[in-house]
Amino acid sequence: MLPKPLTHGDTVGVIAPASPPNIENYQKSKAFIESLGLSIQEGKHLKNVHGYLAGTDDERLEDLHAMFADDSIKGIIFAGGGYGTARIAHRLDYELIKKNPKIFWGYSDLTYLHTAIRQETGLVTFHGPMLASDVGKDDFHPLSKKQFNQLFEPTSLVYDESFSTLEVLAEGEAEGEIVGGNLTLIASSLGGPYELDTKGKLLFIEDIDEEPYRIDGYLAQLMHAGKLDDAAGIIVGDFKNAVPTRKPSLSLETVLNDYFQSLKKPVMKGFQIGHCQPHFAIPLGTRATLSTKNKSLSIQPGVKES
């Protein structure tokens, strides 16, 4: 289920369903959204703080449901991630979302909602840079800015080595829906009602501030749960600050090689998708082709024809 594209003059909702966003960065980000010809409607509880959460579970749910229920809101862009979406996934009104499909844009802790919403409703969502976390920072990259263009018209995306150096871990070519996101959140979904389904799909993973031994542990969970075997191919995004503090340690490269090099399916790493700048945004739930021969990832549009 593809959402409708945005048009100039539309209003987008901004909410924080996880941790409190950096308000100074968020305020700086608003000029960019307005430069796209969009207006912003803030969630009622956007600036709330409840410990490490941006408001209570009830408040964050209220904001999310309000944005889907409001016909004047044409898309939802998140202020930031952090932690907290797993606490509310079981309380989402999926029928409301299914009846009011719209652009849903964010990443990191939003991985849990990306998965739950797609698997419950079929809605294609977007893994892209967020307002306080990325857009409002001084290092927000011009290439990252261009990623928002795919929200205004159906756009086929091709990621190849013109963006970054790609390294083949296992050879092959595969087609399937792109699923996944933050590795920590994917692992935390295992055994629950929103466990990520990877069967016949292209599994995308990324993370931040996780040491190699932690990444090793998460990949072991996915391996034992059959998620690596089920996947048609694997897209390895950015793993920012994957620096070991315990010594001796395996390197991130060794960990990735141990899990992926023996797989009989395409696996490539080096994609600048995740907690990085530039941040290449992708739709989740659309079909794509991963080819190690061409060193490319070709992705179908994430919005429908007008």
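Mentor: Ser 108 lies in the loop between strand E4 (103–106) and helix H4 (111–121). Helices (H or I, at least four residues) and strands (E, at least two) are DSSP runs, numbered from the N terminus. This is a predicted model: local features need pLDDT of at least 70, side-chain atom pairs count only at pLDDT 80 or more, and totals for chains, interfaces and linings use all residues. Residues are numbered from 1 along each chain as its sequence is written, and side-chain values use heavy atoms, without hydrogens and water.

Trainee: Why is Ser 108 called buried?

Mentor: Buried means under 20% relative accessible area, exposed over 50%, partly exposed in between (1.4 Å probe, protein chains only). Ser 108 has 11% relative accessibility, so it counts as buried.

Trainee: Why does Glu 206 get the label buried?

Mentor: Its relative accessibility is 0%, so the label applies. Glu 206 is found in strand E9 (residues 202–208).

Trainee: What makes the pair Glu 206 and Asn 182 a polar contact?

Mentor: A polar contact is a pair of N or O atoms within 3.5 Å; within protein, one must be able to donate a hydrogen and the other to accept it, and residues adjacent in sequence count only if both atoms are side-chain atoms. The two side chains make such a contact at 3.2 Å.

Trainee: Which residues does UniProt list for "active site"?

Mentor: Its unreviewed entry lists Ser 108, Glu 206 and His 275. They span 168 residues in sequence, yet no two of their C-alpha atoms are more than 8.5 Å apart, so they gather at one spot. UniProt annotations may be inferred rather than shown by experiment; positions follow the numbering used here, with feature names shortened.
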